[in-house]
Amino acid sequence: MGCSGSKGEVNDTRRGTTTKMTCPVVKLSTGASMPQVGLGTWQSKNNECYEAVKAALDAGYRHIDTAELYQNEKEIGRALKEKMDAGMKREEVFVVSKLWNTRHHPDDVLPACQKSLDDLGLEYLDLYLMHHPFPWVRDNLLPINADGKAEHSDVHFMDTWKEMEKLVDGGLVKAIGVSNFNISQMEEVLTNGRIKPAVNQVESHPYVTCNRMLEFCTEKGVVMTAYCPLGAPGDLADHGLAVLEDPELKKIAEKHGKTPAQVCLRWQVQRGVVVIPKSLRAARMVENSQIFDFELSAGDVEIINNLNRDGRVYKWEWSKDHPQWPFNEKF
Ligand code: NAP
């Protein structure tokens, strides 16, 4: 996995100037380039999502992360169309979507992907991920019982993966990958699949460093994408973390004249990880992209690595009793 090239020009609205920013790309096993910073869109709905994606594209972002679960693909499609009508080429933007847990049945994979494409108004996705390794029953977005447990189905993720491989054959997606897969599950796909996963998208921030997973992915030529790279601070009342309030991170940020958010993101890109911070605010989108003009020292990196703890935001405990629930294993 290597970082090279440059994309994007970012307007630094805070300083009222236009700063030429480069966003490096990582090379996928397919040979395609994936911008190392993308916009996350979970919990960005309807018009606010449309506005956010437009603002992100204006700010130079060329990587958008979505999923059927987020129910915002039509809005993202509207924003993409507007920008493409204004001259942005389809191949200039990297669009990621995900196959939801209720779509694992082999008969559902192609229709689910086609629905995402139709909603996004695109002819192909750059990357399509299996959202989780555990499958839920069909035809209901969130089949959760009164006792707080998900209704599972008995489809194995390898049967789903084989249908995803056909999406690549058919040209609907340029690359396929997984999300929330542990190392054993990835080994199974790498051993038994025809096409290897280009990416594993996992939760990672200073409280869940995923050093073991990163080492494994690097060795296998799989790119790791970090979701919740800021610890989902907007969700603090529910289940987000106060990563950005961490005193050690604050000290490092102060030393570099940066924000704790920028330090979290810089730490990831410096080790070859792709980040997809979510924001609805243009100024924060700019802040989150201004991470290529400073470098963390080996000492900074060691301090951040030592912040690791059992700080996972997304545990998907609804599926804790499923044999493929991934979080029993260390990431
Ligand atoms: P996140 O990116 O760690 O945090 C997002 C929160 O941080 C928002 O509340 C945002 O608020 C705030 N924020 C953004 N930039 C900030 C900054 N510079 N300073 C302070 N606060 C800032 O968490 P996430 O949205 O859960 O994860 C990112 C993306 O990963 C998602 O949007 C989604 O695309 C993906 N994801 C994937 C999975 C999966 O299972 N594969 C699971 C979860 C998420 P404002 O919007 O108000 O700026």
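Which residue forms a salt bridge with Lys149? The close-ups below get there, along with a few other spots. This is a predicted model, so local features need pLDDT of at least 70 and side-chain atom pairs count only at pLDDT 80 or more, while totals for chains, interfaces and linings use all residues. Residues are numbered from 1 along each chain as its sequence is written, and side-chain values use heavy atoms, with hydrogens and water left out.

**View 1. Asp321 is the salt-bridge partner of Lys149.** The closest N and O atoms of this pair are 3.9 Å apart. A salt bridge here is a side-chain nitrogen of Lys or Arg within 4 Å of a carboxyl oxygen of Asp or Glu. Asp321 sits in the segment after helix 10 (298–305), and Lys149 in the loop between strand 9 (127–130) and helix 4 (157–169), so the pair ties together parts that are 172 residues apart in sequence. Helices (H or I, at least four residues) and strands (E, at least two) are DSSP runs, numbered from the N terminus. Lys149 is partly exposed, with a relative accessible area of 39%. For that scale, buried means under 20% relative accessible area, exposed over 50%, and partly exposed in between (1.4 Å probe, protein chains only).

**View 2. Lys98 and Asp65 meet in a salt bridge.** Their side chains come to 2.7 Å, N to O. Lys98 belongs to strand 8 (residues 94–99) and Asp65 to strand 7 (residues 63–65), so this pair ties together parts 33 residues apart in sequence. Lys98 and Asp65 are both buried.

**View 3. Arg103 forms a salt bridge with Glu68.** Here the closest N and O atoms are 2.9 Å apart. Arg103 is in the loop between strand 8 and helix 3 (106–120), and Glu68 is in the loop between strand 7 and helix 2 (73–85), 35 residues apart. Arg103 is buried, at a relative accessible area of 18%, and Glu68 is buried too, at 13%. Searching the whole structure turns up 18 salt bridges.

**View 4. Glu203 is buried yet has no salt bridge.** You'll find Glu203 in strand 11 (residues 199–203). The nearest side chain of opposite charge, Arg312, is 4.4 Å away. (Lys and Arg count as positive, Asp and Glu as negative; His and the chain ends are not counted.) What does the side chain of Glu203 make a polar contact with? That would be the side chain of His205, at 2.8 Å. A polar contact is a pair of N or O atoms within 3.5 Å; within protein, one must be able to donate a hydrogen and the other to accept it, and residues adjacent in sequence count only if both atoms are side-chain atoms. The Glu203 side chain also reaches the backbone nitrogen of Tyr314 at 2.8 Å.

**View 5. Helix 7 (residues 247–256) has buried residues Leu249, Ile252 and Ala253.** They cover an arc of only 100 degrees around the axis, which puts them on the same side of helix 7; the arc is that of the directions from the helix axis to the C-beta atoms. On the other side, Pro247, Lys251, Glu254 and Lys255 are exposed. Asp246 caps the N-terminal end of helix 7, with a side-chain oxygen 2.9 Å from the backbone nitrogen of Glu248. Just after helix 7, Gly257 takes a positive phi of about 65 degrees.

Definitions and conventions
Lys, Arg positive; Asp, Glu negative; His and termini not counted.
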